[in-house]
Amino acid sequence: MLQLSSPILPLLDSSVLDQPLAGAISRSSALLIPLHLLEKVKPTISANQPYFVLLPNQHASSSSSSSNSISPETVADILDQGADAIVTDDLHLIHSFDQQTSASRLIYSTPNLDSQEIAQVVAGVLLTTNDHGAVTQTVSTLGSKTNGKPVFVSLSSSSTSSALPSTQDVIAIAALGAALVVVTSSLCALDDGQEAVAGKLDYIDAFLAPLKSDRADKLFATVVVSSACSTSLGLVYSSPLSIRKSLLTGSAHYQSRNRGLWHKGETSGATQEVVSVRQDCDNDALEFRVRQSKGTASAGFCHLGNREGCFSSASGLAKLESTLRERKQSAPAGSYTARLFSDPSLLGAKLREEAAELADAKNEDTQHVAFEAADLLYFALTKCVSAGIGLEEIERSLDAKSKKVTRRKGDAKEKFAKEQKESEQRKEGKAESAKPPVLDADAPIKIKSYRLSEISASQRIELLKRPSIKTEAIMGICKPILKSIKERGDAALLELTAKFDKAQLETPIRLPPFANEEVIKQIRPDVVKAIDQAYSNIHAFHKAQKVTSGNKAVGPTDKSGDEEAEDAILEVETMPGVVCRRFSRPIERVGLYVPGGTAVLPSTALMLGIPAQVAKCSTKVIATPPRPDGSIAPEVLYVADKVGATHLLCAGGAQAVGAMAYGTETCPKVDKIAGPGNQFVTAAKMIVQNETDTLVSIDMPAGPSEVLVIADGEADPAFVASDLLSQAEHGPDSQVVLVGIDLSDDQLLAIEKEVDSQARRLPRVDIVRQAIDKSVTVITKTREEAMDWSNDYAPEHLIIQTQYPEEMVNKVKNAGSVFVGAFTPESCGDLASGTNHVLPTYGFARTYSGVSVSTFQKNITSQQISTSGLGLLGPHVVNMAECEGLEAHANAVRVRLQKLSSSSSA
Ligand SMILES: NC(=O)c1ccc[n+]([C@@H]2O[C@H](COP(=O)([O-])OP(=O)(O)OC[C@H]3O[C@@H](n4cnc5c(N)ncnc54)[C@H](O)[C@@H]3O)[C@@H](O)[C@H]2O)c1
Ligand SMILES: N[C@H](CO)Cc1c[nH]c[nH+]1
């Protein structure tokens, strides 16, 4: 929409427009260019100069109307190329454009406007008249005072007349709510004190003429706005003199109320280039749009240090641009932005990735759309800053595009259209599988059963498999989450916590103490006692894992097995004079993930916190998802204090793993992450472990809980069923396996009945139903077959409910933890007996152990060789080094042996 912002509209009447007039006009007014001059002058006018194109007059033409008429296509072309408006008296032309284009870009040239209909269609009016009454009438018909549509007045009957208007004319026309058209050949731009030029009106005098101040000091309030992102920088004052200097020089001048004329940046170098000066609607205030000089020590506008503006520091895109510019000049080594600047391929790949992610974000998930758009803008602006441009250039390009009236079809290139289709199809498939299962409350809760003797070899392999995890899809979800934590730290962490856990937090980190009296009061007293008992048992079992009986014990209280004791040093003299040692040290910084999505798990906080405490890790970050009100379960807080946690990270899922792996502004980076969790947690742990730059290791790929129960005919069906259900209730992905030794149909049925009836009484019956659906029963003939099945399956938990359970323990090859006998339910190990419940799942018990003190330690070896020891060992080392072709290795021994032989012969 066109608006009046200057009381004067210069009409170019020669192809040359000299400085400083050209500069002053480009900073303060549009320029009216007759069509016949357009091609010639366009290359010479300033890039900031708004301009209207004046078409030849149709009605005044003596020739036939067709000879002067300009086609709509030509007009569209002129607008596309950057003209702000077209001035024409051709109503056919105006009507040939759609309403929107005409109303925003076509100015009707006429001696009088008397049609409401035309007033609605056009963007403004150029009136050729000397009659002030006609001007008032046109301003009113056009509705300029409410809709801002401009009226320009050419006083002479012919716009090319050389009659010289005066500043009085400018004031009079401005008072009517219009701007005066003046030919440029009758304008000049004079500096303060310069003599008037005969036959010319001073453009700046004309510009200033209608300005009126209501202040005692006669200054004009002036809003200073950055041309990049339109950020307001401050409020200052202008005088006629300072405005004149600004328009003439293009460098901002203001009028200080204490110090008089103020050339901004004259001493500091932080000057401002004037992009435009506009008068407000009632001519008593100004807006200066400026470009702040970059690269000076104090490029900001505010007198308080190097602040961009006086109101507040920049935010959003403007802030991002300034950060990127700083980073480009001196990015901290190793920073991600520095990497992007120096690796165009990485930046290009990220731009493509982010654009695809934004395209895939669902409109209903508005936060996600904003999140992905922010990522894309970050990389897009990094690309621009790296190419030496910024928001101002982007905005200029947007403005130029917005001037185009020729609509392009806008279809996507075939390659991208195809990619988009494929992505939508993939998503539809995924959404189908992500739909919550429809559960039939009347259906029996029954585990599918098989007799080993009746299944084929390939069926056996299938039955031993875990429920499939869509690893690729889960990784695809986790990777962008991890990336945003790496790039945006706490800000991303808080957004993701709001998104996934529905908790709005101010900070993601809490520091000890975590549980004051108020918190402890919220815990049932018998639960406090239970936690204390569990702590004591688990601590006792883990403290005993410290190696206190090596060949050579060290430390202050080494014999007692006390927590303060150092681990014993393993020492072996492998040959005389050659002593080899191994000693352990705590891993310094550890992250302990305590799941919290579907259950409160203070037991997991104990299972991770106690071994880390016994190992003496110095930084222990407990991460757990907050509840929607932002709180953490008081039981977990109580345990956090008991195990000496140093930080509590209120976040869950992949984002918590990312925060601990990379570190954020508030969360320390850790060296190892331990703990179970859902598929997102497990996938994120695996991803960060594989990133060589991140330098973080993990305990194990612990996933959904599982149990395998071996039961014979002696087992109590109620006990067996209760053990199976105790793990089935953990999550829909949990799997439980019953291996029955020679059970009759009736014995199996008794267990199945118990499973069904006990499950229906559980509050988490819906979860149980889904887990039981993924579970199996296998009936074997013998104990050996049962044990073979268990060893092949490698369960997280193995429960043995048979007549002689201890004998079977000897045959266990693969399992996370074993529960021996009818009165050893897994729940005891899960919660309080002393063993650890963080155990390998998914068959990883073949190679991994559960969490223990050694999870939080590393072993270091050392050796010391005496001169006689080197005399004995050295020649063998030389021979082996020569055999491997490693002369330097051999030399390291030879030089010493030579020294020994020369000193013994001396
Ligand atoms: N093996 C063991 O020792 C052991 C011990 C206890 C629990 N577990 C297992 O831990 C798991 C706990 O899972 P949980 O969900 O209750 O808690 P969790 O803390 O592991 O996961 C919750 C988090 O998952 C993330 N999340 C949820 N939906 C998401 C989505 N669509 N996209 C991205 N992120 C998403 C959220 O960030 C949320 O904070 C269960 O599978 C349980 O069996 C295992
Ligand atoms: N069974 C889980 C380990 O797989 C641990 C747990 C926590 N609370 C109850 N059980």
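1. Let's start with a definition: a contact means heavy atoms within 4.5 Å. Among the contacts in this protein with a separation of 6 or more, 65% are between residues 24 or more positions apart.

2. A word on how to read the numbers. This is a predicted model, in which local features need pLDDT of at least 70 and side-chain atom pairs count only at pLDDT 80 or more, while totals for chains, interfaces and linings use all residues. Residues are numbered from 1 along each chain as its sequence is written, chains are lettered from A and ligands numbered from 1 in the order in which they are written, and side-chain values use heavy atoms, with hydrogens and water left out.

3. Now the overall picture. Of its 906 residues, 48% are buried, meaning under 20% relative accessible area with a 1.4 Å probe, protein chains only. The exposed surface comes to about 44200 Å², with carbon and sulfur atoms supplying 53% of it (Shrake-Rupley method, 1.4 Å probe).

4. One of His-730 lies 2.8 Å from a nitrogen atom of ligand 2, while Ser-705 places one 3.0 Å from an oxygen atom and Glu-796 places one 2.8 Å from an oxygen atom. On its own, ligand 2 has 290 Å² of accessible area, and the protein covers 88% of that.

5. Finally, strand E28 (residues 776-780) deserves a look. Why is E28 largely enclosed by the rest of the structure? Because 5 of its 5 residues are buried. Val-776, Val-778 and Thr-780 lie on one side, with Thr-777 and Ile-779 on the other. In a regular strand, side chains alternate between the two faces of the sheet.

6. E28 has parallel partners too. Strand E17 (residues 448-451) is joined to E28 by 4 bridges, with Arg-451 partnering Ile-779. Strand E27 (residues 735-741) is joined to E28 by 5 bridges, and there Ile-741 partners Thr-780. Strands pair if DSSP finds at least two bridges between them.

How values were computed. Buried < 20%, exposed > 50% of the residue type's maximum accessible area, 1.4 Å probe, protein only. Polar contact = N/O pair within 3.5 Å; in protein donor to acceptor, adjacent residues only side chain to side chain. Helix = DSSP H or I, 4+ residues; strand = E, 2+ residues; numbered from the N terminus.
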